[in-house]
Amino acid sequence: MELTNIPHLASSSSFFFSSCTCRLLCYRGRRTGKGAIVFAAGSRCSADAACSEPIEQQNVDPLSVASGPANTHCYRRDFAAVALLPFLLPNVDMASAAELYDGSIIQNGVRNVLTKVKAAGVLRLVFHDAGTFDVGDKSGGMNGSIIYEVDRPENTGLSKPLKILRKAKEGIDQVQQVSWADLIAVAGAEAVALCGGPEIPVRLGRLDSSTADPAGKLPEETLDIVALKTSFGKKGFSVQEMVVLSGAHTIGGKGFGNPNAFDNTYFKILLEKPQPTSSGMPIGLPTDWALTKDDECLRWINIYAEDQDKFFADFRDAYTKLVNSGASWRTA
C-alpha cells in the first residue's frame, strides 16, 4: 500500500528531500513478498556514500529504530538534518514540519498487531467509522468517532478490533502522534493487502472527532435493495460503488469462500444458489442477496465475478473515497 502525506515543504527545500529524511515528508511504499517497505521508483538515500544503499534493501522497522539507539549513519544524519533545518530553510514553518507523518511508522505499527484472522474485524471498523457520513448535512464520516460508538447495537463485536488497534496506537504514539481516523484507514488497507487484496494508497492527515456521530446512519442488514441503494446514495456512493464495497464481505466468517482470502469469490457465490454453511447458517447477510435482485447490481456482480483485477481496481478507488468521506484534514 502507499501512504501519502498532505503537507509538503516549499520547492526551496531540495536539501531536505535529498537526504534520508525524505520519508518524513512523503511515503510512497509497497509491500514486498517479505513484508518489507520499498520506495517507489527505486528511490535512494543519496546524501552521501554512508547511506548509498537503495532504500528498498533496508528492511528496517521504524518503531524498533526509534525505541533503541541509532544504529546506522542514515538515521544519525536524519537527526542532524532536522536539527539544521531552521538554518538551512528559514522560510519553513517548523511547527508544521514537526507534524509531518512518517507513514511507515503507522504502517509497521499496524503490521505488528494484525493477522489474517483479525483482518475482517479491522476492515469492518473502517466501514462503521466512515459509514456514518451523510452527504446532505456533511455529518459523520471518517473521523475516528467509532471509539465512542462501540456500545451501539450495530457495532457489536467491534470492541475486539478496536482493542487491537489501540495496542498499535500506543506504540505509534511513542514515536509520533497518529489520529484514530488515520490509523483505522491505514489498518483497513493493510487488512485488505494482508489477505491478498489490492495495495491501496492512503492519504494521511485526518483529524479526530471528539464526540460520537449521529446514530442510525449505518445501513441496516435487513434493508431491501431499494432502501439499500437509497442509503448508499445519501453517502455519495453510486450503485457500482455500493456493489464493489460489498465485496469486502469476501473475508471474515460470512461464508463467502476462504475467510482469510480477499478475492472475487463473494461475487461468484452470489451468482449461485445460496447454500447453508457447515454450521447450518445461511451464507452472508440479507443485504448481500438483495444485490442479486436488482438488474444494475447484478450486472456489476457478473463483471466482478469474471474479472478479479477489475474488482481490485474498483475496490481500491471506492475504498479511497470511503476513507476520505467526511474527513477533516489538518493544514500545513
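**Entry 1: Phe311**

I looked up which residues Phe311 touches, leaving out those up to four places away in sequence, and found Val244, Gly247, Phe262, Asp263, Asn264, Phe267 and Tyr304. Contact here means heavy atoms within 4.5 Å. This is a predicted model, in which local features need pLDDT of at least 70 and side-chain atom pairs count only at pLDDT 80 or more, while totals for chains, interfaces and linings use all residues. Residues are numbered from 1 along each chain as its sequence is written, and side-chain values use heavy atoms, with hydrogens and water left out.

I placed Phe311 in helix α14. Helices (H or I, at least four residues) and strands (E, at least two) are DSSP runs, numbered from the N terminus. Is Phe311 buried or exposed? Phe311 counts as buried because its relative accessible area is 0%. The cut-offs are under 20% relative accessible area for buried, over 50% for exposed, and partly exposed in between (1.4 Å probe, protein chains only). I also noted Gly197, which is 114 residues from Phe311 along the chain, with 9.7 Å between the two C-alpha atoms.

**Entry 2: α13 against α14**

Two packed helices are described by the angle between their axes and the distance between the axes. For helix α13 (residues 295-306) and helix α14 (residues 308-324) I wrote down an angle of about 115 degrees and axes 5 Å apart. Axes are lines fitted to C-alpha atoms, for helices over the stretch in contact, and angles run from 0 to 180 degrees between N-to-C directions.

Which residues make the contact? From α13 they are Trp300, Ile303, Tyr304 and Glu306, and from α14 they are Gln308, Lys310, Phe311 and Asp314. I sorted the residues of this contact into four nonpolar, one polar and three charged. Ala, Val, Leu, Ile, Met, Phe, Trp, Tyr, Cys and Pro count as nonpolar, Asp, Glu, Lys and Arg as charged, and the others, Gly among them, as polar.

**Entry 3: rings**

How many aromatic pairs does the whole structure hold? The search gave 14. Among them is the tilted pair of Tyr304 and Phe311, at 5.9 Å centre to centre with 55 degrees between the planes. Rings of Phe, Tyr and Trp (its six-membered ring) pair if their centres lie within 6.5 Å; planes under 30 degrees apart count as stacked, over 60 as edge-to-face and the rest as tilted. Tyr304 and Phe311 are both buried.

I followed the ring pairs and found a cluster of Phe256, Phe262, Tyr266, Phe267, Trp289, Trp300, Tyr304, Phe311, Phe312, Phe315 and Tyr319.

I also found Arg203 over the face of Trp329, at 3.9 Å from the ring centre. A charge sits over a ring if NZ of Lys or CZ of Arg is within 6 Å of the ring centre and within 35 degrees of the ring normal.

**Entry 4: the loop between α6 and α7**

Where is Ser145? I found Ser145 in the loop between α6 (116-130) and α7 (159-173). Ser145 is buried, because its relative accessible area is 0%. Its side chain makes a polar contact of 2.8 Å with the side chain of Asn143, and another with the side chain of Asp213, at 2.8 Å. A polar contact is a pair of N or O atoms within 3.5 Å; within protein, one must be able to donate a hydrogen and the other to accept it, and residues adjacent in sequence count only if both atoms are side-chain atoms. Leaving out residues up to four places away in sequence, Ser145 touches Asp129, Ser209, Thr211, Ala212 and Asp213.

Lys138 is also in the loop between α6 and α7. Lys138 is exposed, because its relative accessible area is 58%. Its phi is near 60 degrees, a positive value in a residue other than glycine. Most residues other than glycine have a negative phi.

**Entry 5: Asp294**

I found Asp294 in the loop between α12 (286-290) and α13. Asp294 counts as buried because its relative accessible area is 14%. A polar atom of its side chain lies 3.1 Å from the backbone nitrogen of Glu296, and one lies 2.9 Å from the backbone nitrogen of Cys297.

**Entry 6: the whole chain**

I counted 14 helices and four strands. Of the 332 residues, 50% count as buried. Among contacts between residues at least 6 apart in sequence, 70% join residues at least 24 apart.
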